[in-house]
Amino acid sequence: MRSVRERAPAKINLRLRILSRDPDGYHQLETLFQAIELHDSIEARIAGATTVRVEGDVDIGAPERNLALRAAHAFRDEVHEAPQVELRLVKRIPAGAGLGGGSSDAAATLRAMNRLSGEPLDAAALLDLGATLGSDVAFFLCGSSLAHATGRGERLVPMPAFRPVPVVVVDPAFPIATADAFAWWDEEEPEPRKATTLRRPDDFDALRPNAVNDFESVVFDRHPELGRIRDVLERAGATIARLSGSGSCVFGLFADDAPPRELDDVLRGVAPAARVLHTRTLA
Ligand code: C5P
């Protein structure tokens, strides 16, 4: 085998609570991850040097900071006999968007490297390696489309997924740095809170009362148009309409009725520069 392909799906957070700040500045969270159909694609081909080539019109910054490339190097540090690879990354997931695109690229790269190397790492070892690359990477390696997470997002309880339903993702076309959003949260000096154990709800409707995102208040204060997008999605009948992660994307999940046909036009009315992406949850 000289080359393998992997899909790198995006995620949305159906629930995200920030519990406390650790002495090193990281935060304890409680979140519910849901993978969606929107995805990047990765091809890893055995080559003489480890490189990455990015296609697609998503700006993801300098190649040396590319999380897929960092994942390939991390895998080779762990598995010395692993080959060098030329990565081709077809980027569709917006960056700085709260959709976990970079983390998913890293997870897909680790899976690809493991296959190319004859599967030297088992699932637990891949998860450990993934967690060193970013807080969301472990979710994309857990093998489930729905998972509850605590810690920094790496302590996962996979759940059986619900049937796929439509999701409208609104990309306001500007990024939000996760570190900035956490700093805005810290400025409010909230009291530490305890994690609650979230029992698996029966369906998306049952989840609705628990579908909160603690980032919304601080992010919507600074970017009121994101709050207006959320309100439009809610009025359009979304079962759950929320900021995803720390933003900048806002999603509407439609578990009952399909999104109304005029929705894209209404969204463009409140956010003229926004891109509206129609996708689905993964089962
Ligand atoms: O883990 P990741 O590199 O995606 O995180 C980006 C930034 O977000 C971190 O540098 C940190 O400032 C913040 N962060 C945090 N607590 C977490 C996850 C991320 O404070 N649980």
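This is a predicted model: local features need pLDDT of at least 70, side-chain atom pairs count only at pLDDT 80 or more; totals for chains, interfaces and linings use all residues.

Colleague: Which residues are around the ligand?

Modeller: A residue counts here if one of its heavy atoms lies within 4 Å of the molecule. The residues around the ligand are Gly-25, Tyr-26, His-27, Leu-29, Gly-134, Ser-135, Arg-152, Thr-178, Ala-179 and Phe-182.

Colleague: How does that shell divide into nonpolar, polar and charged residues?

Modeller: Ala, Val, Leu, Ile, Met, Phe, Trp, Tyr, Cys and Pro count as nonpolar, Asp, Glu, Lys and Arg as charged, and the others, Gly among them, as polar. On that basis the shell around the ligand has 4 nonpolar, 5 polar and 1 charged.

Colleague: At what distance does a polar side-chain atom of Ser-135 lie from an oxygen atom of the ligand?

Modeller: A polar contact is a pair of N or O atoms within 3.5 Å. A backbone N or O atom of Gly-25 lies 3.5 Å from a ligand oxygen, and a polar side-chain atom of His-27 lies 2.7 Å from a ligand oxygen. For Ser-135, the distance from a polar side-chain atom to an oxygen of the ligand is 2.6 Å.

Colleague: What share of the ligand's exposed area does the protein bury?

Modeller: Accessible areas come from the Shrake-Rupley method with a 1.4 Å probe. Taken alone, the ligand exposes 450 Å², and the share buried by the protein is 71%.

Colleague: Which element gives the most to the shell around the ligand?

Modeller: Helices (H or I, at least four residues) and strands (E, at least two) are DSSP runs, numbered from the N terminus. Two or more shell residues come from each of strand 2 (27-46) and helix 5 (178-187). The element that gives the most, with 3 residues, is helix 5.

Colleague: In what order do the 4 strands of the open sheet lie?

Modeller: Two strands pair if DSSP finds at least two bridges between them. The pairing in this sheet is antiparallel, and the order is 8-9-7-10. Each edge strand pairs on one side only, and these edges are strand 8 (240-243) and strand 10 (275-280).

Colleague: Which residue of strand 9 is the bridge partner of Leu-243?

Modeller: Strand 8 and strand 9 (residues 250-253) run antiparallel and are joined by 4 bridges. The bridge partner of Leu-243 is Val-250.

Colleague: Which residue takes a positive phi in the hairpin of strand 5 and strand 6?

Modeller: Strand 5 (residues 146-150) pairs with strand 6 (residues 155-159) in the antiparallel sense over 5 bridges. Leu-146 has Met-159 as its bridge partner in strand 6. There are 4 residues between the strands, and the one with a positive phi near 70 degrees is Gly-151.

Colleague: Where is Ser-248, and is the peptide bond from Gly-247 to Ser-248 cis or trans?

Modeller: Most peptide bonds are trans. Ser-248 sits in the loop between strand 8 and strand 9. The bond from Gly-247 to Ser-248 has omega near 20 degrees and is cis.

Definitions and conventions: Residues are numbered from 1 along each chain as its sequence is written. Side-chain values use heavy atoms; hydrogens and water are left out. A polar contact is a pair of N or O atoms within 3.5 Å; within protein, one must be able to donate a hydrogen and the other to accept it, and residues adjacent in sequence count only if both atoms are side-chain atoms.
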